[in-house]
Amino acid sequence: MSRVYNFSAGPAVLPEEVLREAADEMMDYKGSGMSVMEMSHRSKVYDTIIKEAEADLRELMNIPDNYKVLFLQGGASQQFAMIPMNLMKNKKAAYIVTGQWAKKAWKEAQIYGDAVAVASSEDKTFSYIPDCSDLKIPEDADYVYICENNTIYGTKFKELPNTKGHTLVADVSSCFLSEPVDVTKYGVIYGGVQKNIGPAGVVIVIIREDLITEDTLPNTPTMLKYKTHADADSLYNTPPAYGIYVCGKVFKWLKKMGGLSAMKAHNEEKAKILYDFLDESNLFKGTVVKEDRSLMNVPFVTGSDELDAKFVAEAKADGFENLKGHRSVGGMRASIYNAMPKEGVEKLVAFMREFEKNNK
């Protein structure tokens, strides 16, 4: 069976090289006589795996020493609660609502305090990023929250909001490691890894040390305190050990590919192929305003539900998987994360051209 071109939004395509390596080591990791799936997270061998993964991530993202890297569980969705539980000292926070995930995070934060939506793009089905240069951020807000790349709607913050001195918290699940990032601009930068880095089950949280305190909201469970995990180097309980091991391999692959600047160039080149076609096509249309387009997730439509369904079915038969758009948007969506080869995008565009010709 040959591999398909997998345009899934997550769990998503991983580098083949990484999958082959993991397969080679499945039964016996480096002469240990066992799989990483079987080894104790307290063992010397595993300790090397998790420490190396962290060191490589720090190098890739140029993470300063006063930030902790935590490998956690519960996905990005658990962070929707963990963030207010740990950071809402004044019981107030500002949320910029640019899609379904930001909206869910905002709703969750309302359980813990006064979470204010200071900007939203819901009026136009989240097809743009609102102007965030001069927002009415409450003086006593503990943080300003964004979802930096909106997987479902295909938008991306090209410029970070002006937080007026408040801590910035960002969910970067679907743009993690796709381009260089200045970590110092954030208090917390986090994401689920299943889109651009590894298998589902790991969430990485990069958090400035001064934000990790005992002073959490009353009744915050031990497992939901950042301090619990920071003090134990992500080994308070059994971590998602195998997932972290695969993430570590992806970090090494990224370094080998030339790091995040090289990755950004690679991603821009791929996205341009698809967006250029969408801009000239008479059948297919992108759904996002040009200046806010994501390099990772590209939603598009034909304007006819019937044709959309036909396209998805024919594409699948031709080896292009998971192109159906999210149920809340419809149409199609191609997620073209780091591991999607340029050739995959070129072949998709060739297929789209042919489909357009046959469905005039």
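Predicted model: local features only at pLDDT ≥ 70, side-chain atom pairs only at ≥ 80, totals over all residues.
Strand β12 (residues 297–301) and β14 pair in the antiparallel sense over 4 bridges, where two strands count as paired if DSSP finds at least two bridges between them. Residues are numbered from 1 along each chain as its sequence is written, and side-chain values use heavy atoms, with hydrogens and water left out.

Now zoom out from that pair. The open sheet has 3 strands in the order β11-β12-β14, with antiparallel pairing. β11 (285–286) and β14 (332–335) stand at the edges with a single partner strand each, so one side of each has no neighbour in the sheet. Helix α7 (residues 259–280) lies across β11, β12 and β14 and runs at about 20° to β12. Angles here run from 0 to 180 degrees between N-to-C directions, and the axes are lines fitted to C-alpha atoms, for helices over the stretch in contact.

G331 sits in the loop between β13 (320–321) and β14. Is G331 buried or exposed? Its relative accessibility is 18%, so G331 counts as buried; the cut-offs are under 20% relative accessible area for buried, over 50% for exposed and partly exposed in between, using a 1.4 Å probe and protein chains only. Leaving aside neighbours within four places in sequence, G331 is in contact with F300, V301, D308, L323, K324 and G325, contact meaning heavy atoms within 4.5 Å. With F300, the sequence separation is 31 residues, and the C-alpha to C-alpha separation in space is 6.1 Å.

Next come the helix pairs. Helix α8 (residues 305–317) packs with helix α9 (residues 342–358) at an angle of about 130°, and their axes are 11 Å apart. That makes α8 oblique to α9: angles under 35 degrees count as roughly parallel, over 145 as roughly antiparallel, 65 to 115 as roughly perpendicular and the rest as oblique. The crossing of α8 past α9 is right-handed; a crossing is left-handed if the near helix is turned anticlockwise from the far one by less than a right angle, and right-handed if clockwise. On the α8 side, L307, K310, F311, E314 and A315 meet L348, F351, M352 and F355 of α9. By class, this contact divides into 7 nonpolar, no polar and 2 charged residues. For that tally, Ala, Val, Leu, Ile, Met, Phe, Trp, Tyr, Cys and Pro are nonpolar, Asp, Glu, Lys and Arg are charged, and the others, Gly among them, are polar.

Elsewhere in the chain, helix α2 (residues 44–61) and helix α6 (residues 241–256) pack at about 40°, with their axes 9 Å apart. That angle makes α2 oblique to α6, and α2 passes α6 in a left-handed crossing. The residues in contact include Y46, I49 and I50 of α2 and I244, Y245 and F251 of α6. Sorted by class, the contact of α2 with α6 has 11 nonpolar, 1 polar and 5 charged residues.

Strand β2 (residues 67–72) is mostly covered, with 5 of its 6 residues buried. β2 pairs with strand β10 (residues 203–208) in the antiparallel sense over 6 bridges, and L72 stands opposite V203 in β10.

Q100, A102, A105, W106 and A109 of α4 are buried. What covers the buried residues of α4 includes α3 (75–87), β3 (92–97), β4 (114–120) and β5 (143–147).

Note on methods
Helix = DSSP H or I, 4+ residues; strand = E, 2+ residues; numbered from the N terminus.
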